Amino acid sequence: MLPLLALRVLGAGPRLLALLLAATALRACTTYEYEHEIWLRVDGSGTVNVTGRPALWTAFKSLPLDPQGDPETLKRAARELFERSGLKVRRVTLTTRRGERYLFVSADFQDVNRISYTPAFPDLRVGLRREAGRLQLDGSWQRPIEALPGGERDRTGLMAVRFHLPSKVYGHRRAAFGVERGNILGWMQETGAALDGERLEFGAEMDERSILFSTMMLFAGAVVLAVLILALGLWAVVRRGRRDLARSG
């Protein structure tokens, strides 16, 4: 895994290579300075979580936030941003990690194709479409050209876009760690490169049927098969009994 990952990112610079190699070794505890994490359903609806330092929210989403400002003011501004974009906000929190503040928002959307370039997602382009019996996911993340300045003190570390996909994955566009447990695909880059406007592209091809639906159909098929076998067995017993009665008569 490490040699393959290294070959994929050699052209991206030694710093990113070193960070990705370290992340591979410690992938279970990898943290990001700024992250979109999306739980997607086959109908296009789902939930998105966005986590990041307040200054990076300003730099990537043009949300003017004072990193040292009042917690309730920070949370209220983030909530209003998502609600203005048509999402149903589930939770907004402000946490501290290694002495740094991180703003977290979790919100539900009805159609992933309609969240791109809204006030809450000026940095995200994402599309989901059906094609030849499969679902095609594609998109990119990039700092908007017109974004407010900010985050220059937060250039270290990684940022990421990660998807929790609902069905079998047939292929993906160079996800950092491949298909992880639970059908997770993730793409990442250096936060400094993100602040410089570098584009992060992603994509995947998956089954149009959810894993849950496929499992239920498999279970239903097994039940039907078991009932048919039982019915055939009973029919054979009854038929044999009738033959025995006819012979004895």
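The views show a predicted model, in which local features need pLDDT of at least 70 and side-chain atom pairs count only at pLDDT 80 or more, whereas totals for chains, interfaces and linings use all residues. Residues are numbered from 1 along each chain as its sequence is written, and side-chain values use heavy atoms, with hydrogens and water left out.

**View A. The protein chain has 6 helices and 10 strands.** Helices (H or I, at least four residues) and strands (E, at least two) are DSSP runs, numbered from the N terminus. Of the 249 residues in the chain, 46% are buried, where buried means under 20% relative accessible area, exposed means over 50%, and partly exposed lies in between (1.4 Å probe, protein chains only). The accessible surface comes to about 13,800 Å², and carbon and sulfur atoms hold 57% of it; these areas come from the Shrake-Rupley method with a 1.4 Å probe, and for residues only the protein chains shown count as cover. Among contacts with a separation of 6 or more, 63% join residues 24 or more positions apart, a contact being heavy atoms within 4.5 Å.

**View B. The largest nonpolar core has 47 residues.** A nonpolar core is a set of buried Ala, Val, Leu, Ile, Met, Phe, Trp, Tyr and Cys residues joined through side-chain atoms within 4.5 Å. The residues with the most contacts inside this core are Trp57, Phe82, Phe121, Leu137, Trp141, Phe163 and Leu165. In soluble globular proteins, nonpolar side chains tend to be buried together. Once neighbours within four places in sequence are left aside, the partners of leucine 137 include Leu40, Val126, Leu128, Phe163, Leu165, Phe202 and Met206.

**View C. Helix H3 is mostly covered, with 8 of its 8 residues buried.** These residues are Pro54, Ala55, Leu56, Trp57, Thr58, Ala59, Phe60 and Lys61. They pack against strand S1 (34-40), strand S2 (46-52), helix H4 (71-84), S4, strand S6 (134-141) and helix H5 (191-195). H3 is followed by serine 62, which lies in the loop between H3 and H4 and, at 28% relative accessibility, counts as partly exposed.

**View D. The second largest pocket has a volume of about 280 Å³.** On a 1 Å grid over the protein atoms alone, a pocket is an open set of points where a 1.4 Å probe fits, with protein on both sides within 12 Å along at least five of seven lines, and lining residues have an atom within 4 Å of a point. Grid points are joined across faces, edges and corners, and the volume is the space filled by probe spheres set on the points. The pocket is lined by Arg53, Pro54, Ala55, Pro67, Gln68, Gly99, Glu100, Arg101, Gly151, Glu152, Arg153 and Asp154.

**View E. Serine 62 has a positive phi, near 55°, in a residue other than glycine.** Asparagine 183 likewise has a positive phi near 55°. Most residues other than glycine have a negative phi, and most peptide bonds are trans. Asparagine 183 is found in the loop between strand S8 (169-172) and strand S9 (184-190), where asparagine 183 is buried, with a relative accessible area of 15%.

**View F. Arginine 162 lies in strand S7 (residues 158-164).** This arginine is buried, with a relative accessible area of 14%. Not counting residues up to four places away in sequence, arginine 162 touches Tyr32, Glu35, His36, Glu37, Ile38, Ile184, Leu185 and Gly186. The C-alpha atoms of arginine 162 and tryptophan 39 are separated by 8.7 Å, although the two are 123 residues apart along the chain.

**View G. Arginine 90 lies in strand S3 (residues 88-97).** Arginine 90 is exposed, with a relative accessible area of 53%. With neighbours within four places in sequence left aside, its contacts are Thr47, Ser106, Ala107 and Asp108. Arginine 90 and aspartate 108, which are 18 residues apart in sequence, are 7.1 Å apart from C-alpha to C-alpha.
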